[in-house]
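Here's a quick tour of one protein model. Keep the viewer open and follow along.

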Amino acid sequence: MTSLATPNAHQARWQQALSRVKTRVEAVPHYRASGRITRATGLVLEAVGLRVPLGSACRIELCGSGIDSDERFAEAEVVGFSGEKLFLMPLAEISGLTPGARVLSLGEGEATSARRFPLGDSLLGRVLDGNGRPLDDRGPLQDVPHAPLATPPLNPLSRAPIDTQIDVGIRAINALLSVGRGQRMGLFAGSGVGKSVLLGMMARYTQADVIVVGLIGERGREVQDFIDNILGDEGLRRSVVVAAPADTSPLQRLQGASYATRLAEGFRDAGRNVLLIMDSLTRYAMAQREIALAIGEPPATKGYPPSVFAKLPGLVERAGNGKRGGGSITAFYTVLTEGDDQQDPIADSARAILDGHIVLSRHLAEAGHYPAIDIEASISRAMAAVVDPEQQRQAQAFKQLFSRYQRNRDLISVGAYSAGHDPQLDRAVQLYPRLEDFLQQRIDERADIGHAQQAMTALLGGTR
């Protein structure tokens, strides 16, 4: 009986395998439409003869295609059209492109033409590029679920409210700029004032199940430095890093930011509390500006086309809390302020759509004050919903004392200040060294919420 059952079992398995292959073969269309490249100028290629929707992925045949044709195709995305002409943007620099080169869609119809990217827990500890391909030396991604980048927007009425404080491990933020779980904060800074170090401290110390880091448009050297020296082995184990450095195409930088957000959404939908760190939102906007200008969109505000300001809220609104009882995405976006100008159009737009902003001061950084948080210019819009009234009063008292000293700093420096005329200023002068020390923190020092509240209570001696 056993000798007869075994061949039958093998035969059944073979029939099932052949049935699956047959189903896949039958799904392949009988013909494949293609177009031709008619123009290549700058970043954009023009093609005719192909009808595919915006955002579709295509393959462009390069010179020398033959037996090893898989390596002689370049991937591109449809970024616009005019009449019968399609505007394509390649995902990487291409060589070997010839006039009339053939263009093939990667699928038939909107559902199949959208590119799909790897997701899931197996990506934890990995470093990927903007296409979802590994950049580390830990081998290829196998048996990993894939999904497109686009997701339907959440109904704002179905989102859980921001009502729980999240511990980011930074004393100044935990005490004076308290962040709620699911909040989206901006980190506004010029170049070289310590924003990457501050992000790394948050990545190591924040209480989150998963960390997703998007390094968009930054220097390639900073990617390795962030992973090794700032994130560290402990942080990397519960993280996924998506890197699209400055030398990648603008489309890949745009895609890298969307992919990092999509990864965070996947973990949130699985019930996890996610910390999303994106460095930087400005590079994302600049990538969209390059694409929009290349396809002929007119500039509007300081050289930025209108589509840039439409893309920013579309990306940011994907973060935040999920449905009640589900996961969350607490997001920190860095915003580069050109020449430390807080009225830069991207900074101004980001400030309007985020749930608060932390401003880093070059003056403080040059004075060796780290983290260089300008406590007067920073605010957390959700703080009132996540802390008790006593902490709010203490934070207000702290800021009032600090601000009173700063407004009279010049008088104090030249010796024109005399005690006894202004009791609040007298107290500010007395406490200022301790206020300044409270705001500073070493890179290897962690200050949890309880420690920060105790330190502030001991410093102020109760609110007045």
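What follows goes from the whole chain down to single residues.

## Ground rules

This is a predicted model, in which local features need pLDDT of at least 70 and side-chain atom pairs count only at pLDDT 80 or more, while totals for chains, interfaces and linings use all residues. Numbering runs from 1 along each chain as its sequence is written, and side-chain values use heavy atoms, with hydrogens and water left out.

## The whole chain

The protein chain has 15 helices and 17 strands; these are DSSP runs numbered from the N terminus, with helices being H or I of at least four residues and strands being E of at least two. Its C-alpha atoms fill a box of roughly 95 × 70 × 40 Å along the principal axes. Of its 464 residues, 49% count as buried. Here buried means under 20% relative accessible area, exposed means over 50%, and partly exposed is in between (1.4 Å probe, protein chains only).

Among contacts (heavy atoms within 4.5 Å) with a separation of 6 or more, 72% come from residues 24 or more positions apart. The accessible surface is about 22,400 Å², and 51% of that belongs to carbon and sulfur atoms; the areas come from the Shrake-Rupley method with a 1.4 Å probe, and for residues only the protein chains shown count as cover. On the charge side, there are 51 positive and 52 negative side chains, with the centres of the two sets 4 Å apart. Lys and Arg count as positive and Asp and Glu as negative, leaving out His and the chain ends, and each charge is placed at NZ of Lys, CZ of Arg, CG of Asp or CD of Glu.

## Two cores

A nonpolar core here is a set of buried Ala, Val, Leu, Ile, Met, Phe, Trp, Tyr and Cys residues joined through side-chain atoms within 4.5 Å. The largest one has 61 residues, and Ile173, Leu176, Phe332 and Ile358 touch the most other members. Beyond its neighbours within four places in sequence, Ile173 is in contact with Val168, Ser178, Val179, Met202, Ile358 and Ile373. A second, separate core of 52 residues includes Val144, Met286, Ala331 and Leu354.

Helix α9, residues 345-353, is mostly covered, with 7 of its 9 residues buried. Those are Pro345, Ile346, Ala347, Ser349, Ala350, Arg351 and Ile353. What covers them includes β10 (184-189), α7 (281-294), α8 (306-316), β15 (328-336) and β16 (356-359). At the start of the helix, a side-chain oxygen of Asp344 comes within 3.1 Å of the backbone nitrogen of Ile346. That is a polar contact: a pair of N or O atoms within 3.5 Å where, within protein, one must be able to donate a hydrogen and the other to accept it, and where residues adjacent in sequence count only if both atoms are side-chain atoms.

Thr337 is in the loop between β15 and α9. Thr337 is buried, at 4% relative accessible area, and its side chain reaches the backbone nitrogen of Gly190 at 3.4 Å.

## Around strand β2

Ala47 lies in β2, residues 44-48, and is buried at 3% relative accessible area. Not counting residues up to four places away in sequence, Ala47 touches Arg36, Ile37, Thr38, Glu84, Lys85, Leu86, Leu88 and Val103. Gly49, in the loop between β2 and β3 (57-61), is exposed at 59%.

Ala101 sits in the loop between β5 (85-90) and β6 (102-105) and is buried at 4%.

Most residues other than glycine have a negative phi, and most peptide bonds are trans. A cis bond joins Asp279 and Ser280, with omega about 15 degrees; Ser280 lies in the loop between β13 (273-279) and α7. Another cis bond joins Tyr370 and Pro371, with omega about -10 degrees, and Pro371 is in the loop between α10 (362-366) and β17 (379-380).

Asp143 has a positive phi, near 55 degrees. Its loop runs between β8 (127-129) and β9 (146-148), and Asp143 is exposed at 82% relative accessible area.
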